Amino acid sequence: MLRELHIRDLGVIEDATLSLHPGLTVVTGETGAGKTMVVTGLGLVLGGRADADLVRTGSDEAVVEAEVELAEDHPARGTAAQAGGIADEPELLLSRTISAAGRSRAHVGGRRAPIGVLSDLGEGLVAVHGQADQWRLKRPAQHRALLDAFGGDEVSSAAAEVAAAFREWQQAKGELAHLVEGERARLQEIELLTHQLEQIDAVDPQPGEDTDLAHEAERLGHAEELRTGADTAHRLLSDPDSFDGDDVVGRLARAADEVARLAEHDPQLGQLQQRLAEVGVLTSELATDLSAYAADIEADPARLATTQSRVAALRELTRRYGDDIEAVLRHRDDARGRLLGLQGADERIEELSALVSQSQERLGADAVRLTAARTAAAQRLGAAVEEELAHLGMPKARVEVAVEPRTDDAAVELALGDGSVVRVTADGADTVEVRVAANRGAPPRTVTKAASGGELSRIMLAIEVATAGATGSQVPTFVFDEVDAGVGGRAAIDVGARLAALARSSQVIVVTHLAQVAAHADRHLVVHKAHGDQITSSGVRVVDGDERLAELSRMMGGDDTSVGLRHAQELLEQCRR
């Protein structure tokens with residue numbers, strides 16, 4: 001709800017703060033005092049069009065600020081946060097500044113924001129009904145939302161089924177279209193993957209095989225050289241002919257004997273003799289191993305050719321499918337999985353085709369049920385609004401809530417089982433429009449074009465009161481300007497009673513010139529003007545008790561005499577009853 005509205009240098013209002021409360025608040029004052037500036041200011045702070053002429057004469061700029069109390073989960077908090085505003089406090093602060101040069105600025109939650117953010121917030125916070133502004137039911141979708149909320153569980157459950165069926169149909173149809181449209185690409189990919197797998201499976205690489213074969217090919221390619229080198233090393237160690245009748249092993253043995261003979265004279269030589277003996281053993285073993293290695297090395301041209309051919313085949317795979325055999329094997333596994341998925345697409349296409357047909361049939365049936373539920377609710381809503389208008393001085397008004405087939409391009413055309421065709425969206429197959437004929441004989445027209453400003457405000461009041469009990473049909477705050485235009489006497493008291501009824505479930509702010517309406521208020525604000533030497537200015541004050549009686553007496557054409565005050569008191573008591 002709106003907690004406070006501060007207006008500075010707007011029209012004739014120099015500086016005024018309106019402290020607002022739940023229930024019904026009325027704003028009254030003499031003609032020219034600036035009552036309508038309250039509605040204008042509220043419209044500005046909620047994104048309305050700005051005009052430099054609204055800036056008070058002699059001022060550089062006009063400022064309107066609003067403090068709005070919001071529930072923790074209200075969508076407006078998310079909108080404000082996206083705009084960079086501080087939205088985690090109990091109250092959300094909005095402001096609008098208009099310069100005398102025509103420039104306009106907006107702030108949301110203490111941060112600069114585009115004017116459009118104020119408009120987005122305004123649609124969910126306040127419904128303004130006046131001669132210049134009819135924010136409620138401005139878009140066709142709002143007519144449908146209003147009817148659906150009024151229709152209760154019967155309509156809301158049918159609407160939910162349509163939305164679910166539409167999502168299922170849309171998802172299945174989209175996937176089917178993707179598969180069908182990609183059929184040529186799918187076949188080409190199947191052919192490519194099949195060829196790749198055939199190439200890899202024909203070679204049948206094993207993990208690590210490329211490294212092992214490379215080593216084997218290197219060994220086979222240098223077999224003679226390896227054998228000759230190992231044999232030479234063996235002979236150098238153990239062949240006496242290589243060292244003029246003595247070999248390395250024999251020399252090491254003689255050296256060990258010589259050191260052992262002398263070790264008795266110097267213990268240190270005993271350690272050296274031990275090391276010589278160890279070297280001799282190692283040298284002998286090394287010579288034996290070299291001899292065995294040389295004996296094992298054999299040239300095998302056939303095996304070499306086979307190995308080289310295998311290495312070449314593996315290299316071709318790694319050139320095409322990965323840096324090594326492990327990468328090639330991973331590619332093979334991925335390709336097989338992808339191929340299985342592509343080959344299963346034919347079955348999936350059949351499944352999706354059946355699902356599209358089934359969901360389309362269900363969607364059509366659900367849309368038909370929703371249309372029937374909306375049509376029944378539309379008749380009830382039209383009758384309820386007509387009944388309210390009869391109490392608001394418009395007994396001859398006729399209300400028609402039209403539920404008609406969609407024809408817009410945003411809807412999807414579906415063929416039903418009976419051969420008929422409907423255009424459907426997730427919201428159903430209907431367009432909804434509230435139409436009103438203010439006088440008998442006049443054709444019903446859309447509600448925003450059906451009547452003059454005062455009649456239109458009463459029509460909107462009738463709609464709001466008729467739907468007041470519908471879950472989700474209301475914004476938190478309603479503002480009415482000129483709702484009592486052309487109304488008087490008993491009808492004026494009924495207007496006030498309807499406003500009070502709406503105020504039981506929402507905050508209602510009314511600008512009025514009728515005492516019969518003002519007498520129903522929970523809070524009474526008076527716009528008063530003061531005349532200075534140069535310019536007239538206006539402010540706002542709360543009246544209660546005797547001050548309120550005096551204002552009601554003034555509004556009835558009287559004054560603050562005992563007779564006028566007594567009439568005012570009688571009016572208050574009548575309205576309370």
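Select Asp 9 to begin: with a relative accessible area of 12%, Asp 9 is buried, a term that means under 20% relative accessible area, with exposed meaning over 50% and partly exposed the range in between (1.4 Å probe, protein chains only). Asp 9 sits in strand S1 (residues 2–10); helices (H or I, at least four residues) and strands (E, at least two) are DSSP runs, numbered from the N terminus. Show its surroundings next: leaving aside neighbours within four places in sequence, Asp 9 is in contact with Glu 14, Leu 54, Val 55, Arg 56, Ser 59, Glu 61 and Ala 62, where contact means heavy atoms within 4.5 Å.

A note on what you are viewing: this is a predicted model, in which local features need pLDDT of at least 70 and side-chain atom pairs count only at pLDDT 80 or more, while totals for chains, interfaces and linings use all residues. Residues are numbered from 1 along each chain as its sequence is written, and side-chain values use heavy atoms, with hydrogens and water left out.

Select helix H2 (residues 75–82) next. Ala 76, Arg 77 and Ala 80 are buried there. Look down the axis of H2: its buried residues fall within an arc of 105 degrees, so they line one face of the helix; the arc is that of the directions from the helix axis to the C-beta atoms. Pro 75 and Gln 82, on the other side of H2, are exposed. Strand S5 (91–99), strand S6 (104–108) and helix H3 (115–125) are what the buried residues of H2 pack against. After H2 comes Gly 84, with a positive phi near 95 degrees.

The axes of H2 and H3 come within 10 Å and cross at roughly 175 degrees, which makes H2 roughly antiparallel to H3. Axes are lines fitted to C-alpha atoms, for helices over the stretch in contact, and angles run from 0 to 180 degrees between N-to-C directions. Angles under 35 degrees count as roughly parallel, over 145 as roughly antiparallel, 65 to 115 as roughly perpendicular and the rest as oblique. From H2, Ala 76, Thr 79 and Ala 80 meet Val 117, Asp 120, Leu 121 and Leu 125 of H3.

Move to Phe 480, in strand S14 (residues 477–481). Phe 480 is buried, at a relative accessible area of 0%. Ile 509 is 29 residues from Phe 480 in sequence, yet their C-alpha atoms are 6.3 Å apart. Beyond neighbours within four places in sequence, the contacts of Phe 480 include His 129, Met 460, Leu 499 and Ile 509.

Now show helix H16 (residues 545–555) with helix H17 (residues 562–576). Their axes are 8 Å apart and the packing angle is about 100 degrees, so H16 is roughly perpendicular to H17. Among the residues making the contact are Leu 549 and Leu 552 of H16 and Leu 565 and Leu 572 of H17.

Which rings form the tilted pair? Select Phe 166 and Trp 169: their ring centres are 5.8 Å apart and their planes are at 45 degrees, so the pair is tilted. Rings of Phe, Tyr and Trp (its six-membered ring) pair if their centres lie within 6.5 Å; planes under 30 degrees apart count as stacked, over 60 as edge-to-face and the rest as tilted. Phe 166 and Trp 169 are 3 residues apart in helix H4 (residues 140–181), so about one helical turn separates them. Phe 166 is buried at 8% relative accessibility, and Trp 169 is buried at 4%.
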